[in-house]
Amino acid sequence: MKPRHKRALIIVAALAVIGIAALLILNALNSNIALYVTPSEVAAGKAPQGQAFRIGGMVKDGSLKRDGLTVHFVITDLVKDISVSYTGILPDLFKEGKGAVIQGRLNTNGEFVASEVLAKHDENYMPPEAKHALDQAQKNGSNK
């Protein structure tokens with residue numbers, strides 16, 4: 001084999017390895033992306049089907065019900081409400097009337113089955129996505 005052919009083969013092999021590595025990285029990133037959706041968007045059918053996503057808003061007062069380690073509650077953007085179930089230990093700061101961001105999927109009954117629950121960590125903080133969603137929902141709700 002001529003040196004020219006060896007170099008061409010090495011270049012092709014290197015490009016193939018780089019291509020495969022890029023494909024694996026993009027696939028890993030795509031599987032870890034969780035879109036943020038508001039309860040109003042979920043109610044309107046704009047939530048991704050068969051894919052994990054995040055939903056945020058306020059935990060509705062009087063909606064928290066415990067059944068062993070499974071907790072049922074309602075998350076609201078003050079316009080629409082979505083039922084949520086979560087099996088596990090909730091964060092200490094998780095309370096009714098407080099902000100939360102929940103990651104999970106919709107089941108066939110339209111209930112959001114959470115895999116992770118995040119609660120705000122002090123009096124003044126709310127995740128920027130949740131704050132924006134609440135502001136938009138209130139603005140849209142008051143325009144109707």
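Reader: Which residue takes a positive phi in the hairpin of strand 4 and strand 5?
Author: L78 does, with a phi near 75°, and the hairpin has four residues between the strands. This is a predicted model, in which local features need pLDDT of at least 70 and side-chain atom pairs count only at pLDDT 80 or more, while totals for chains, interfaces and linings use all residues. Residues are numbered from 1 along each chain as its sequence is written, and side-chain values use heavy atoms, with hydrogens and water left out.

Reader: In what sense do strand 4 and strand 5 pair?
Author: Antiparallel, over seven bridges, with strand 4 at residues 70–76 and strand 5 at residues 81–87. Two strands pair if DSSP finds at least two bridges between them.

Reader: How many helices and strands does the protein have?
Author: Three helices and seven strands. Both are DSSP runs numbered from the N terminus: H or I of at least four residues for helices, E of at least two for strands. The order from the N terminus is α-β-α-β-β-β-β-β-β-α.

Reader: Where does S63 lie?
Author: In the loop between strand 2 (53–59) and strand 3 (65–67).

Reader: Is S63 buried or exposed?
Author: Buried, because its relative accessibility is 10%. Buried means under 20% relative accessible area, exposed over 50%, and partly exposed in between, with a 1.4 Å probe and protein chains only. Apart from neighbours within four places in sequence, S63 is in contact (heavy atoms within 4.5 Å) with H72, F73, V74 and E96.

Reader: How much of the protein counts as buried?
Author: 29% of its 144 residues.

Reader: New topic. Which residues make the nonpolar surface patch?
Author: I11, L15 and I18, covering about 330 Å². Patch residues have over 30% relative accessible area and no salt bridge, and nonpolar side chains (Val, Leu, Ile, Met, Phe, Trp, Tyr) are joined within 5 Å, like charges within 9 Å. A salt bridge is a side-chain nitrogen of Lys or Arg within 4 Å of a carboxyl oxygen of Asp or Glu.

Reader: Where is I18 found?
Author: In helix 1, residues 3–32. I18 counts as exposed because its relative accessibility is 55%.

Terms used
Areas by Shrake-Rupley, 256 points an atom, 1.4 Å probe, with all protein chains shown as cover.
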